[in-house]
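Here's a quick tour for anyone meeting this model for the first time. Have a look at the structure, then read on.

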Amino acid sequence: MTTLELLFTVSAIFWVLIFLYLTWLHRKIMKISKKLNKLKV
Amino acid sequence: MKPKPQVTKTMEDEVSHNQITNFFNDAWQILLKDLRLELRRKYEIYSIIILALISNLSFGFALGPSNPNVTDFISGMLWVPILFIGMLGFTTGFVREMDRGSIEGLRAAPISPQAILAGKTVYIFLLMCGGAIIIIPSSMAILNYSFHSNGFLVLLVVALGILNIAVIGSIVSALAMYSQSRALIIPALSMPLLPGTIIPSILATGKLAVGADINSILPELQINLAFLLLMIATLWITFEYVLYD
Amino acid sequence: MNMFYMIKGENMKKIYPIIIFLVNLAALYMIFLWAPPERTLGDSYRVFFIHTPSAWISYLAFTITFVSSILYLKTRNFKWDLYASSSALLGLLFCIIAIITGAIWAKVAWGLYWNWDPRQTTTLVLMLAYLGYVSFRMAINDKEQRARVSSVLGILAFISIPLSYLSTIIWATIHPMPLIPTSKLQIGVEPAILQTLLTSTFAVTLLFLWMLYITVEMYRTIDTVESVKMENVK
C-alpha cells in the first residue's frame with residue numbers, strides 16, 4: 001500500500017462511517033416526524 | 001475541638017457493631033437459602049462436573065498426550081472452563097429469583113441490598129470454587145503437568161480471580177434479570193466488566209505455571225485486588241438502584 | 001454540550017452544521033497540505049490526525065456516558081439517560097473508526113494489523129464494553145428500568161476500563177514485540193504538527209458534539225411520541 005492509498009483509505013473510512021451514521025439518523029428522524037405529524041392530526 | 005463524650009461513643013460503636021453482625025447474618029441467610037436450593041438440584045452440579053471433564057478432554061486431544069509445551073497453555077486451559085462455569089452460575093444468582101417470582105420477597109425483606117448482593121456473591125464464588133476444585137486437579141492428572149511454584153500462590157491467584165468473577169457475576173445477574181432474554185444477555189453484559197480481572201488472572205497463572213515467585217506476580221495481584229476493592233466500593237453505593245425502583 | 005443551548009432559535013440550528021463543516025474543511029487543509037512531512041515517517045504519519053481524534057472521542061464519549069449515568073441516578077431526570085445512551089452509540093462509532101484506522105496504519109508501518117499495543121487492546125476492550133452496553137439497553141423494554149439499570153452498568157464499565165489498560169501493559173511487558181519501533185512517541189515535536197493535531201481534534205470534537213446533540217434530540221422525540229401514543233391508548 002502506498003502512502004497516498006493509505007491516507008485515502010483512512011480518511012474514506014472516517015468520513016464514510018460518519019456519513020452512514022448521519023444517514024441512519026436522518027432516516028430515523030424522517031420516520032419519527034411522520035409519526036409525529038400523524039399524531040398531531 | 002472537644003473530644004466527644006465517652007457514652008455516646010460506645011453507643012455509636014454498639015450500633016455499628018450491630019449493623020455489621022446484621023449484615024453478615026443476612027448475607028449468611030441468603031447464602032444458605034441458595035445453597036439449599038442448589039443441593040436440591042443435583043443435576044446442575046453434575047453438569048458442572050461434566051463441563052469440566054469435557055473441557056479437559058478436548059484440551060488433551062488438542063495438545064496430545066505428553067506435550068512438552070503444555071505449561072504454555074495451562075492458564076487458558078484453566079480459566080476458560082472456570083469462566084464458562086461462572087457464566088452458568090451467574091444465572092442462578094438473581095435471574096432465577098426473577099423467574100421464580102421470589103425477587104419480590106427479597107425486595108420486601110428487611111435486608112440491606114448490600115447483604116443480598118454479598119450473599120449472592122459468596123454463593124457464586126463457592127459454586128465456581130467447586131468447579132475449580134474439579135477442573136484443576138483433573139486437568140493436572142489428564143494432561144500430565146504440575147505447577148512449578150508454591151501451591152499456596154496458585155490457590156491465592158485462583159481464589160482472588162474467582163472472587164472477582166463472582167462479584168461481576170452477581171451484579172451481572174442482577175442487571176440481567178430486567179432484560180427480556182434473561183440468560184442470553186449475560187455474556188454481552190459481562191463483556192464490559194470481565195477483561196479488567198480475567199487478563200491479570202490469566203497472566204499470573206501463566207507465570208506460576210513456569211515457576212514464578214510472589215514478586216513477579218505482584219502487579220497482577222495488585223490489579224486484581226484494586227479491581228475487587230473498586231467494584232465493592234461502587235456496588236456498595238449503586239446496588240440499591242439496581243434492586244429497588 | 002450546553003454550547004448548543006446558549007444560542008436558541010431555528011436559524012442557529014442551521015448555522016451550526018455550516019460552522020462545523022467549515023472548521024473540518026480547514027482541518028482537512030491543515031492535515032493534508034499545510035502540515036510538513038515528518039522526518040522519519042514521511043507522509044504516512046498524517047493518518048494520526050484522523051486516528052488520534054477518533055480515539056480521543058471514543059474515550060470522551062464513554063466519560064460522558066459515565067457522568068450522565070451518575071447524574072441520572074442522582075436526579076432521575078431522563079435527560080441524562082438520553083445523553084448516556086446517545087453518547088454510548090456515538091462512542092461505539094468512533095471506537096470502530098479508531099480501531100480500523102489504527103489497524104490499517106499498523107499493517108502499513110509494522111506489517112501486522114494487530115500488534116497488541118496496550119492502547120490498541122484497550123480500545124478493543126472499550127469497543128466490547130460499548131457493544132455490551134448498547135445491546136443491554138436494547139434488551140430492556142421498560143423505560144424507567146432501562147435508564148436506572150443501564151446507568152449502573154455505565155458506571156461499572158467506566159471504572160473497569162483503566163484496569164484493562166493496566167493489564168494489557170503488563171501483558172505487553174511479558175511479550176515484547178520485536179517488530180515495533182520505538183519512534184512512535186516522538187511524533188508531534190514540531191509545532192506545526194502539534195497545531196494541526198490540535199485543530200483536527202477540535203474539529204472532530206465539534207463534529208461529535210453536534211452529532212451527540214441531534215442524536216439526543218432524535219431519542220427525545222421518539223420518547224415523546226411513545227408517551228403520546230401511550231396516552232392515546234389509555
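## Two helices side by side

Helices α8(B) and α6(C) run roughly parallel to each other, because angles under 35 degrees count as roughly parallel and the axes of these two cross at roughly 25°. Keep in mind that this is a predicted model. To find the pair, look for residues 195–209 of chain B and residues 143–174 of chain C. Their axes come within 7 Å, and the crossing is left-handed.

Who does the touching? On the α8(B) side, the contact is made by B:Pro195, B:Gly196, B:Ile199, B:Pro200 and B:Leu203. Facing them from α6(C) are C:Ser160, C:Leu163, C:Ser164, C:Ser167, C:Thr168, C:Ile170, C:Trp171 and C:Ile174. Sorted by class, this contact has eight nonpolar and five polar residues, with no charged ones.

## Where chain B meets chain C

Zooming out, 27 residues of chain B are in contact with 30 residues of chain C. On the chain B side, the elements that give two or more residues are α6 (151–176), α7 (186–190), α8 and α9 (218–243). Which of them gives the largest share? That would be α9(B), with 10 residues.

As for the classes, the side of chain B that touches chain C has 20 nonpolar, six polar and one charged residues.

## Chain A

Chain A has one helix and zero strands. Its C-alpha atoms fill a box of roughly 60 × 10 × 5 Å along the principal axes. Of the 41 residues in chain A, 10% are buried.

Methods: Residues numbered from 1 in each chain as written. Chains lettered and ligands numbered in written order. Predicted model: local features only at pLDDT ≥ 70, side-chain atom pairs only at ≥ 80, totals over all residues. Axes fitted to C-alpha atoms, helices over the stretch in contact; angles between N-to-C directions. Helix = DSSP H or I, 4+ residues; strand = E, 2+ residues; numbered from the N terminus. Parallel < 35°, antiparallel > 145°, perpendicular 65-115°, else oblique. Left-handed = near helix turned anticlockwise from the far one by under 90°. Contact = placed C-beta atoms within 7 Å. Nonpolar A, V, L, I, M, F, W, Y, C, P; charged D, E, K, R; others polar. Buried ≥ 20, exposed ≤ 12 C-beta atoms within 10 Å, placed from the backbone.
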